[in-house]
Amino acid sequence: MSFVPGQPVTAVVQRIEIQKLRQNDHLILGFSIGGGIDQDPGQNPFSEDKTDKGIYVTRVSEGGPAELAGLQIGDKIMQVNGWDMTMVTHDQARKRLTKKNEQVVRLLVTRKSLEDAVRHSMSNYPK
Amino acid sequence: MGNHVQQLWQQCGFKDRRDRHRSKSRDSSSRGDKSVTIQAPGEPLLDAESTRGDDRDDNWGETTTVVTGTSEHSVSNEDLTRVSKELEESTPLECKRFIGPALGGCLSFFALVTPLAFLVLPQVLWRDALDPCGTPCEGLYVSLAFKLLVLLISSWALFLRPPRATLPRFFVFRCLLMVLVFLFVASYWLFYGVRVLEPRERDYRGIVEYAASLVDALLFIQYLALVLLEVRHLQPAFCLKVVRTTDGASKFYNVGHLSIQRAAVWVLDRYYSDFPVYNPALLNLPKSILSKKMTGFKVYSLDENTTNNSTGQSRAMIAAAARRRDNSHNEFYYEEAEMDRRIRKRKARLVVAVEEAFTHIKRLHEDEVASSPKHPREVMDPREAAQAIFAPMARAMQKYLRTTRQQPFHSMESILTHLQFCITHNMTPKAFLERYLTPGPTMQYQQQNGRGRQWTLVSEEPVTSALRQGLVFSLRRLDFSLVVTVTPLPFLRLGEEFIDPKSHKFVMRLQSETSV
C-alpha cells in the first residue's frame, strides 16, 4: 500500500456502508481512527510502510455499527462519502466522518488481505 | 508633658490588671485614687537573658572566663563550673582579657625593632672599622624599609584588633606562632651576638643582608599566621546544629576546621543576631491545664491503720484520675486558640491606634511658614513630637505587650526613644511597629556594655581539640543553654555531562486516536 509521490494511487478496496447509531444525541459509528498527515507515521502499528500517513482503523467496538458493516481493525480508509482520506489531517478525517447531517457513511477501505486475495486469485487464473 | 505620659503608662497597666469592663477613657488625670506606682520612670532595660528580674543586681556576673590562662594541664569539668560560679558573684572588669594581646604586641614590637637594631648597632659601636658599602647597601636599605612597612601595616590590620572573646584554654595556633616568632628572633639575636658583635665584624653589607633575611623570615611567619588564624577555617567542613534548651529554637551553621572553643565563639556570634530573644515568660503551659492534671493525685492517707479497703479506694481514685487526665490536650488546644485570638485582637487595636497617632503630626519643611497669626502652630523637636503622639497609643501598646509577654523588654522610655527615632527617619507606622510585633534577635535588646557576657563551655572533650563528627558540647548561661552537635558536611561527587547545543532537536509526537 505504499505510494510513489506524484503517481496515482492504486489499491484494492472494499466498499463498506455504515449506518450511524444514535446514542445520547451523538451519532456514533463504533470505531476509532488514527493517523493523518500531521501525525507521526512511525507509531502506526497497522501500516506496512512506516511512512504512510493515511487514516487507519485502530479499534472497532463490539457490536457497533462498524463491526456489523464488516469494518476490521487495521483497515486503511481511502475515501469517505467520496472525500479523499489519503492526504488529510487527523482532525479533517474526524470531521468528515462525524458530520451531523449524514446518517450513512460509505467508506472505501483497503487491507493487506484484500491485495493478497486478489493477487492469489490472479495467479491462479492463467489467462 | 512627660509626667503626664508616665502617669498614663502606669495607670494603663494598673487598670488592665484590675478591671477590664471599665470604659476606656483616656483622660487619666481626672482620676484621683490611683496612687500606686508600679515602675520607676525611665527604668533601664532589663538584661534580656536573665530571669532574676526583680532582685537584679547590676554587678552581676558579666565578664571573662574561668580558668587561669597559664596552666596547660587539664582542669576537669566540675572545677570549671565551680570556679565559674564563684566568679559570677564578683565582677570587676578583668584585666585578664588583655594579657594575650599585650604579650603579642610586645613580641611583635620586639621582632620589628630587631632588624633596625641589627643595622644600627655596628654603626654606633665600631663605625670607623666598617667597610664602606655603596649602592648595594642602599638597595638593601630601601627593600628593608618597604618590607618593614608592609609588616607593620599587615600586623596592624590583622592582629591589632580588640579581642572579642576570652577562651578558656590557650588558643593553640596563636601560641604556636608567638613561640615561633620568639624562637626565630632569639636565634637570630644569638647568632648576631656570637658572629657579629663579638668579633666586630667588618663586612657591613653582610650585616645588612642578615637583617634583610630576618625581615623575610618574619614576613613568611606572618603569612603562616594569616593562613592558620584567618584562612584555614573559612572553607566549610562541618555542620553545627545549635538548639536552645528552653524553647527548642534551632539553627544550622556551616563552619570550617576549628577547635571547640573557637567554634563556640563563632556560634555565640551568630546566636546574638539569629536567635529570637529568650523570653522566660513564654515557656510554661498555662496553669489551668497543668493544675487539672494534678488534682487527681492529691490523695493523702494520714491514718496509719487503714484497711485494705481504703488503699483500694485510693488506687481507684488514682486510676480514675489517670483516665480523666486524657482531656488536657483538648484544653491545651482551646487555650492556644484563645490566646491566638486574643493576641490578634490586641494587635489589630495596636495597629489602628498607631496609624491614627501617626496622622497627627507631619514634618515641617523649611519653606513652609511655621505659623501665621491666625493659626499658630507649635514647632516641636522629635522628642516632643514623640511624646505628643505617644499618649493615644500608650494603652493599646501596653496591652499588646502584656498579652505577648514582652513587657520586660520594653520600658516606656525605650518606646519613646524608638518612636522619636522613627519620626526622625520618616518611618511609617508599620516600620515603627516592626520592633514590637515579632520578637527580635537578642542583639536588639542588648545594652552597650563594655563588660561582656558570661558563657560557660561544657564539653566532654578538651576544648582545644578540633571539631569532628559526633561531637556534642553545650554553652551554658544561667537559665538556659545551647546544645551544639557537630556533623561533617557530605562529600560531593560532582559528575559532568556535556550537551552539544546543536543537539536540541524536537519532533511532533502525536498518535492521536479519535473515536467516531
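In the predicted model, 18 residues of chain A are in contact (heavy atoms within 4.5 Å) with nine residues of chain B. About 1,000 Å² is buried between the two chains, and carbon and sulfur atoms give 50% of this area; buried area is the accessible area (1.4 Å probe) that two parts lose on being put together, summed over both. One salt bridge (a side-chain nitrogen of Lys or Arg within 4 Å of a carboxyl oxygen of Asp or Glu) is counted between chain A and chain B. It pairs A:Arg59 with B:Glu513, whose closest N and O atoms are 4.0 Å apart. On the chain A side, β4 (31-34), β5 (55-60) and α2 (90-97) each supply at least two residues that touch chain B. The largest share, four residues, comes from β4(A). By class, this side of chain A has five nonpolar, nine polar and four charged residues, where Asp, Glu, Lys and Arg count as charged, Ala, Val, Leu, Ile, Met, Phe, Trp, Tyr, Cys and Pro as nonpolar, and the others, Gly among them, as polar.

Chain A contains three helices and eight strands, taken as DSSP runs (H or I, at least four residues, for helices; E, at least two, for strands) and numbered from the N terminus. Their order along the sequence is β-β-β-β-β-α-β-β-α-β-α. Of its 127 residues, 38% are buried, that is, under 20% relative accessible area (1.4 Å probe, protein chains only).

Residues are numbered from 1 along each chain as its sequence is written, and chains are lettered from A in the order in which they are written. Local features need pLDDT of at least 70, side-chain atom pairs count only at pLDDT 80 or more, and totals for chains, interfaces and linings use all residues, while side-chain values use heavy atoms, with hydrogens and water left out.

How values were computed. Buried < 20%, exposed > 50% of the residue type's maximum accessible area, 1.4 Å probe, protein only.
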